[in-house]
Amino acid sequence: MKILEKTLLKQGVKPSRVYLSNDKAFLHVNLLDFFAKKFSHIDKTTWQQRFDNALILDENHQPVSANTPYQVGQTLLYYRDVGQEPAIPFKERILAVDEHLIVVDKPHFLPVIPTGRFVKQTLLARLRSHPKLQHLDVMAISPIHRLDKDTAGVMLFSHNPTTRSNYQQLFAKKQMHKVYEAIAPTRLDLVYPYQIASRLVRADRFFLTKTVAGEVNAITNIEHMEVLQGKLAGFSRYRLTPLTGKKHQLRVHMASLGMPLLYDDFYPLVKTQTAPNLTTDFKSTDFKFPLQLLAKQIGFVDPISSQYREFISQQNLPTV
């Protein structure tokens, strides 16, 4: 990896790129006006601060001035800066590293990629700046699959672009065996293992998923593991095996059975304190009540070595 490319990382965050096209709307403006118009959801004062803080660079990785004229054909680099980003006080754990993959045990609350108010406080940014990974091409680190911010557990990242698609295809072909654990209300009238199948689509509110009539596209196997005691009386621990990979599939399926996951703020109903602005707001009290969902295990036949590999989270959900 080129040292110059590596130095572009700022606390694990690499810059975005924008190409200055032959657009009549921008031909006679300076770069400050261009950014303010191009990305109008960000106010002009914020863009001025980014120029002042050398967060906008030219193709040679040199800071540019806000007054620099718009130049057709130029590519600029710019960094996101969200101001007072909430600190996530939980650490990830690296489970394995080879010439293709990084296997990580993700904590609750930590977003995987930049989103909303979270840029530096993401798993991706942390891995790119992790001391134990600096021998790799950290600029090439990329998640192979999704895991919600609220969910903890095992995740796979690729750091080798030439083999990344081999592993992505395992998910596309449903050849990844994933097992989750969850805590939810006890229901003993079902015959376990119980399979639920439904059709899930994006709900009217962009951050939610809903069940609709139609062809099945989401299937989950549910196993009852144990009835919990003490403070968790009335709840049980379940093993959930998704056979498909729809957004919030496990949360929606469990809620539809009258067994919403413990501390789920979205299903079956969105808690009012989380609803106003999910891209900018952050609940300071969340840290005490993590969603009780853990990606406990992932297994697959490695497309490079043809060997079966299995990784297990070292985290556990509470049982009392």
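Arg251 and Asp150 are both buried in this predicted model. The two residues form a salt bridge, with their closest N and O atoms 4.0 Å apart. Arg251 sits in helix H6, residues 249-256, whereas Asp150 belongs to the loop between strand S6 (142-143) and strand S7 (152-158), so the bridge ties together parts that are 101 residues apart in sequence. This pair also belongs to a network of salt bridges. The network links Asp148, Lys149, Asp150, Arg251 and Asp264.

A second salt bridge considered here joins the side chains of Arg237 and Glu226, at 2.8 Å from N to O. Arg237 lies in strand S12 (residues 235-242) and Glu226 in strand S11 (residues 218-227), so parts that are eleven residues apart in sequence are tied together. Arg237 has a relative accessible area of 17%. This value falls under 20%, so Arg237 counts as buried. Glu226 has a relative accessible area of 28% and is partly exposed.

Arg187 and Asp189 provide a further pair. Their side chains meet in a salt bridge, and the N to O distance is 2.8 Å. Arg187 is partly exposed, at 26% relative accessibility. Asp189 has a relative accessible area of 54%. The cut-off for exposed residues is over 50%, so Asp189 counts as exposed.

In total, the count comes to 13 salt bridges. Among them are the pairs Arg251 with Asp150, Arg237 with Glu226, and Arg187 with Asp189.

Terms used. Residues numbered from 1 in each chain as written. Predicted model: local features only at pLDDT ≥ 70, side-chain atom pairs only at ≥ 80, totals over all residues. Heavy atoms only, no water. Helix = DSSP H or I, 4+ residues; strand = E, 2+ residues; numbered from the N terminus. Buried < 20%, exposed > 50% of the residue type's maximum accessible area, 1.4 Å probe, protein only.
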